[in-house]
Amino acid sequence: MKKLLETVPNYSEGRDMEKVAKIAACFKNRKGVRLLDCQTDANHNRCVITAVGEPEALKNAVLDSFGVAVAEIDLTHHEGQHPRMGAVDVVPFIPCRNTTVEEADAIAKELGKEVGEKYGVPVFLYEDSASAPHRQNLAKIRKGQFEGMAEKMQDKELWTPDFGPDHIHPTAGVVAIGARMPLIAFNINLDTDNMEIANAIANAVKNIRGGYHFIKAIGVELNDHYTGRPTVAQVSMNLVNYQKTAVYRAFEAVKMEARRYGVNVIESEIVGVVPMECLIDCAAYYLQACCFGPMKFDPQKQIMENWLLEDEEEEN
């Protein structure tokens with residue numbers, strides 16, 4: 001079978017659908033690349049693309065999308081609930097099929113070099129591609145966001161980019177590129193508009209404040225102008241290792257903390273695509289299924305579509 005990588009680039013545009021369409025078009029009708037998902041959020045003012053493909057073809061698709069984003073997105077006029085530092089904010093490469101983290105890392109570094117040279121956007125390598133320990137965590141790189149990045153980069157010892165110029169692009173900012181394992185973007189909406197409560201819950205569950213080791217979280221206000229309903233507070237999370245901190249565990253932790261404030265969960269959402277395994281874990285937990293989980297045998301063998309997929313692969 002062919003080697004496949006996944007990429008989930010984030011772009012700082014979630015309101016102008018014409019711009020989003022131009023970005024998404026870079027991943028369509030390309031040999032060796034398949035666009036799986038394109039999600040936008042007007043409150044976050046952010047677009048998340050999910051695509052898989054052969055390493056070189058996928059890298060070239062992302063590179064083309066940089067050209068569109070740099071031309072179309074001006075961060076000096078950008079505002080939204082999600083932290084951001086670049087028109088293309090972050091580009092992870094993730095092992096998908098017959099590939100390793102090392103191969104994802106090699107493609108990430110190739111892309112970083114080309115982005116810096118072609119578009120003049122400074123590139124910081126992060127996660128498994130990080131060139132220094134203080135650059136592994138995306139939040140540390142992004143701290144200060146676009147508005148504070150020029151001053152931050154004056155510290156040449158700590159924040160000289162890995163590729164590209166040593167100063168921010170005036171409208172497109174900077175970008176983080178790197179290899180990592182699958183990440184799940186998981187948001188929970190609360191039946192309150194009190195952001196102090198959302199932030200308190202986020203602080204209780206996230207790793208940096210003593211919560212779960214593999215959770216990153218912030219409070220986000222969802223404005224009624226975009227949702228068409230009363231303003232609600234959201235706990236927005238990144239689960240960086242779903243095998244060690246499961247989706248259901250994050251969900252239950254937020255519900256438990258919310259009860260302290262007399263607040264309930266309205267709904268949750270997953271941004272982008274996720275591994276089947278994480279949903280099987282949730283099904284096994286909430287159904288309390290005695291024979292549908294890792295304690296018994298491989299639960300994926302109980303998923304009918306998996307058998308059909310195996311037959312298709314054998315035919316091909």
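Student: Which residues are linked in a network of salt bridges?
Tutor: Glu-56, Lys-59, Glu-110 and Glu-114 are joined in such a network. A salt bridge here is a side-chain nitrogen of Lys or Arg within 4 Å of a carboxyl oxygen of Asp or Glu.

Student: What am I looking at, and what are the ground rules?
Tutor: This is a predicted model: local features need pLDDT of at least 70, side-chain atom pairs count only at pLDDT 80 or more, and totals for chains, interfaces and linings use all residues. Residues are numbered from 1 along each chain as its sequence is written, and side-chain values use heavy atoms, with hydrogens and water left out.

Student: How many salt bridges does the structure hold?
Tutor: The count is 17.

Student: Is Lys-59 buried or exposed?
Tutor: Lys-59 is buried, at 3% relative accessible area. Glu-110 is partly exposed, at 35%. Buried means under 20% relative accessible area, exposed over 50%, partly exposed in between (1.4 Å probe, protein chains only).

Student: And the rest of α2, how many of its residues are buried?
Tutor: 13 of its 18 residues, so α2 is mostly covered.

Student: What should helix α2 span?
Tutor: Its 18 residues (55-72) should span 26 Å at 1.5 Å a residue, and the end C-alpha atoms are 26 Å apart, which agrees. The expected span is 1.5 Å times one less than the number of residues.

Student: Now α3. Which residue forms a salt bridge with Lys-113?
Tutor: Glu-117, with the closest N and O atoms 2.8 Å apart. Lys-113 is partly exposed at 43%, while Glu-117 is exposed at 60%.

Student: What does Glu-103 pair with?
Tutor: Glu-103 forms a salt bridge with Lys-3, the closest N and O atoms being 2.8 Å apart. That pair links distant parts of the chain: Glu-103 is in helix α3 (residues 101-119), Lys-3 in the segment before β1 (4-7), 100 residues apart. Glu-103 is partly exposed at 27%, and Lys-3 is partly exposed at 40%.

Note on methods
Helices (H or I, at least four residues) and strands (E, at least two) are DSSP runs, numbered from the N terminus.
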